[in-house]
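Look over the sequence and the structure first.

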Amino acid sequence: MTAADEVLLRERFRITGSDFEHGGEVSARIKSILKEIGIPVEAIRRLSIANFEAEMNVVMYADEATLTLEVFSNAVRVEVADRGPGIPDVEKAMEPGFSTATEEMRARGFGAGLGLPNIERNTDEFVIESEVGTGTTLRYRVSWS
Ligand SMILES: Nc1ncnc2c1ncn2[C@@H]1O[C@H](COP(=O)(O)OP(=O)(O)O)[C@@H](O)[C@H]1O
Ligand SMILES: [Mg+2]
(Lines give C-alpha, C1' and ligand atoms only; values in the text may rest on other atoms or scores of the structure.)
(Ligands and ions follow the chains in the order given, each with its own letter.)
Protein backbone atom coordinates (compact mmCIF):
# COMPACT_ATOMS: atom_id res chain seq x y z
CA MET A 1 0.00 0.00 0.00
CA THR A 2 1.09 3.58 -0.43
CA ALA A 3 0.57 6.60 1.76
CA ALA A 4 -1.81 7.97 -0.85
CA ASP A 5 -4.10 4.96 -0.47
CA GLU A 6 -7.44 6.02 0.85
CA VAL A 7 -9.17 4.16 3.63
CA LEU A 8 -12.20 2.27 2.29
CA LEU A 9 -13.61 1.33 5.68
CA ARG A 10 -12.82 2.42 9.21
CA GLU A 11 -14.64 0.88 12.15
CA ARG A 12 -14.04 0.89 15.89
CA PHE A 13 -14.80 -1.89 18.36
CA ARG A 14 -14.73 -1.97 22.13
CA ILE A 15 -13.10 -4.84 24.02
CA THR A 16 -13.80 -5.25 27.74
CA GLY A 17 -11.25 -6.64 30.20
CA SER A 18 -12.10 -9.82 32.17
CA ASP A 19 -15.14 -10.45 29.98
CA PHE A 20 -14.33 -14.06 29.03
CA GLU A 21 -17.97 -14.65 28.12
CA HIS A 22 -17.74 -12.28 25.14
CA GLY A 23 -14.00 -12.69 24.51
CA GLY A 24 -13.43 -13.43 20.84
CA GLU A 25 -16.57 -11.75 19.57
CA VAL A 26 -14.81 -8.70 18.14
CA SER A 27 -12.37 -10.81 16.10
CA ALA A 28 -15.27 -12.99 14.90
CA ARG A 29 -17.25 -9.91 13.88
CA ILE A 30 -14.26 -8.48 11.99
CA LYS A 31 -13.72 -11.81 10.22
CA SER A 32 -17.27 -11.73 8.87
CA ILE A 33 -16.89 -8.08 7.78
CA LEU A 34 -13.67 -8.91 5.91
CA LYS A 35 -15.31 -11.92 4.24
CA GLU A 36 -18.27 -9.80 3.24
CA ILE A 37 -16.13 -7.18 1.52
CA GLY A 38 -14.06 -9.79 -0.30
CA ILE A 39 -10.63 -9.58 1.34
CA PRO A 40 -8.42 -12.52 0.19
CA VAL A 41 -8.93 -15.57 2.41
CA GLU A 42 -5.23 -15.90 3.29
CA ALA A 43 -5.15 -12.29 4.52
CA ILE A 44 -8.33 -12.91 6.55
CA ARG A 45 -6.76 -16.03 8.07
CA ARG A 46 -3.64 -14.15 9.19
CA LEU A 47 -5.62 -11.15 10.46
CA SER A 48 -8.02 -13.37 12.39
CA ILE A 49 -5.15 -15.02 14.26
CA ALA A 50 -3.66 -11.62 15.14
CA ASN A 51 -7.01 -10.08 16.09
CA PHE A 52 -8.01 -13.00 18.32
CA GLU A 53 -4.67 -13.02 20.16
CA ALA A 54 -4.80 -9.23 20.64
CA GLU A 55 -8.42 -9.34 21.80
CA MET A 56 -7.81 -12.14 24.32
CA ASN A 57 -4.77 -10.33 25.70
CA VAL A 58 -7.03 -7.36 26.46
CA VAL A 59 -9.60 -9.67 28.08
CA MET A 60 -6.91 -11.37 30.19
CA TYR A 61 -4.54 -8.56 31.06
CA ALA A 62 -6.10 -5.12 30.47
CA ASP A 63 -9.13 -3.09 31.57
CA GLU A 64 -10.54 -2.14 28.19
CA ALA A 65 -9.47 -1.35 24.68
CA THR A 66 -10.54 0.19 21.42
CA LEU A 67 -9.74 -1.80 18.30
CA THR A 68 -9.64 0.30 15.15
CA LEU A 69 -9.96 -1.53 11.84
CA GLU A 70 -8.90 0.22 8.62
CA VAL A 71 -9.35 -1.42 5.24
CA PHE A 72 -7.40 -0.23 2.19
CA SER A 73 -7.42 -1.59 -1.36
CA ASN A 74 -4.51 -3.97 -0.68
CA ALA A 75 -4.02 -3.93 3.08
CA VAL A 76 -5.77 -3.98 6.44
CA ARG A 77 -4.40 -2.04 9.38
CA VAL A 78 -5.42 -2.69 12.98
CA GLU A 79 -4.72 -0.74 16.14
CA VAL A 80 -5.57 -2.15 19.56
CA ALA A 81 -5.10 0.52 22.22
CA ASP A 82 -5.80 -0.56 25.79
CA ARG A 83 -6.03 1.03 29.17
CA GLY A 84 -4.36 -1.32 31.60
CA PRO A 85 -1.25 -2.24 33.58
CA GLY A 86 1.09 -2.13 30.59
CA ILE A 87 3.99 -4.52 30.02
CA PRO A 88 7.15 -3.96 32.12
CA ASP A 89 9.47 -5.83 29.73
CA VAL A 90 8.14 -5.91 26.17
CA GLU A 91 11.14 -7.82 24.83
CA LYS A 92 10.52 -10.59 27.35
CA ALA A 93 6.77 -10.61 26.64
CA MET A 94 7.59 -11.17 22.96
CA GLU A 95 9.58 -14.34 23.74
CA PRO A 96 7.72 -17.54 22.77
CA GLY A 97 6.56 -19.27 25.96
CA PHE A 98 6.66 -16.24 28.25
CA SER A 99 3.33 -15.84 30.06
CA THR A 100 1.96 -14.36 33.25
CA ALA A 101 -1.39 -16.10 32.78
CA THR A 102 -3.03 -17.30 35.99
CA GLU A 103 -4.01 -20.90 36.73
CA GLU A 104 -7.59 -19.97 35.93
CA MET A 105 -6.63 -18.62 32.50
CA ARG A 106 -4.53 -21.73 31.82
CA ALA A 107 -7.52 -23.87 32.73
CA ARG A 108 -9.41 -22.03 29.98
CA GLY A 109 -6.72 -23.00 27.50
CA PHE A 110 -4.78 -19.72 27.46
CA GLY A 111 -1.29 -18.89 28.63
CA ALA A 112 0.92 -20.70 26.12
CA GLY A 113 2.89 -17.49 25.74
CA LEU A 114 2.56 -17.57 21.96
CA GLY A 115 0.04 -14.77 21.40
CA LEU A 116 2.38 -11.84 20.77
CA PRO A 117 4.87 -13.97 18.74
CA ASN A 118 1.95 -15.22 16.63
CA ILE A 119 0.75 -11.69 15.97
CA GLU A 120 4.23 -10.75 14.77
CA ARG A 121 4.55 -13.91 12.66
CA ASN A 122 1.21 -13.43 10.92
CA THR A 123 1.52 -9.75 10.07
CA ASP A 124 3.66 -7.78 7.62
CA GLU A 125 4.27 -4.97 10.06
CA PHE A 126 3.93 -5.09 13.84
CA VAL A 127 4.63 -2.44 16.46
CA ILE A 128 4.02 -2.72 20.19
CA GLU A 129 4.20 0.20 22.60
CA SER A 130 3.54 -0.11 26.29
CA GLU A 131 3.69 2.15 29.29
CA VAL A 132 3.48 0.64 32.77
CA GLY A 133 0.44 1.95 34.63
CA THR A 134 -1.15 3.35 31.46
CA GLY A 135 -1.60 0.68 28.83
CA THR A 136 -0.46 -1.05 25.70
CA THR A 137 -0.97 -0.29 22.03
CA LEU A 138 -0.47 -2.77 19.20
CA ARG A 139 -0.41 -1.73 15.56
CA TYR A 140 -0.21 -4.26 12.77
CA ARG A 141 -0.83 -4.56 9.05
CA VAL A 142 -1.52 -7.41 6.65
CA SER A 143 -1.06 -6.69 2.93
CA TRP A 144 -1.71 -8.57 -0.30
CA SER A 145 -1.20 -7.83 -3.98
N1 LIG B 1 -2.48 -6.01 26.55
C2 LIG B 1 -1.64 -6.44 27.51
N3 LIG B 1 -1.55 -5.79 28.70
C4 LIG B 1 -0.71 -6.22 29.67
N5 LIG B 1 0.10 -7.28 29.55
C6 LIG B 1 0.05 -7.98 28.39
C7 LIG B 1 -0.82 -7.60 27.32
N8 LIG B 1 -0.62 -8.46 26.29
C9 LIG B 1 0.31 -9.32 26.70
N10 LIG B 1 0.73 -9.05 27.96
C11 LIG B 1 1.80 -9.75 28.71
O12 LIG B 1 2.64 -10.43 27.79
C13 LIG B 1 2.65 -11.84 28.08
C14 LIG B 1 2.76 -12.64 26.79
O15 LIG B 1 1.58 -12.47 26.01
P16 LIG B 1 1.21 -13.60 24.94
O17 LIG B 1 2.39 -13.81 24.04
O18 LIG B 1 -0.06 -13.24 24.28
O19 LIG B 1 1.06 -14.92 25.80
P20 LIG B 1 -0.10 -15.38 26.83
O21 LIG B 1 -1.31 -14.52 26.56
O22 LIG B 1 -0.33 -16.81 26.48
O23 LIG B 1 0.45 -15.18 28.21
C24 LIG B 1 1.38 -12.06 28.87
O25 LIG B 1 1.45 -13.21 29.67
C26 LIG B 1 1.28 -10.79 29.69
O27 LIG B 1 2.17 -10.84 30.78
MG1 LIG C 1 -1.97 -13.98 24.74
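Which residue in strand 5 stands opposite Val 127? Arg 139 does. This is a predicted model, in which local features need pLDDT of at least 70, side-chain atom pairs count only at pLDDT 80 or more, and totals for chains, interfaces and linings use all residues. Residues are numbered from 1 along each chain as its sequence is written, chains are lettered from A and ligands numbered from 1 in the order in which they are written, and side-chain values use heavy atoms, without hydrogens and water.

- An open sheet is built from five strands in the order 1-2-3-5-4, with antiparallel pairing.
- Strand 1 (9–16) and strand 4 (125–131) are the edge strands, each pairing on one side only.
- Strands are DSSP runs of E with at least two residues, helices are runs of H or I with at least four, and both are numbered from the N terminus; two strands pair if DSSP finds at least two bridges between them.

**Strands 4 and 5**
- Strand 4 is joined to strand 5 (residues 135–143) by seven bridges.
- The two strands form a hairpin with three residues between them, and Gly 133 in the turn has a positive phi of about 90°.
- Glu 129 stands opposite Thr 137 in strand 5.

**Helices**
- Helix 1 (residues 25–36) packs on the sheet and touches strand 1, strand 2 (64–71) and strand 3 (75–83); contact means heavy atoms within 4.5 Å.
- Helix 2 (residues 41–61) lies across strand 1, strand 2, strand 3 and strand 5.

Conventions:
Axes are lines fitted to C-alpha atoms, for helices over the stretch in contact, and angles run from 0 to 180 degrees between N-to-C directions.
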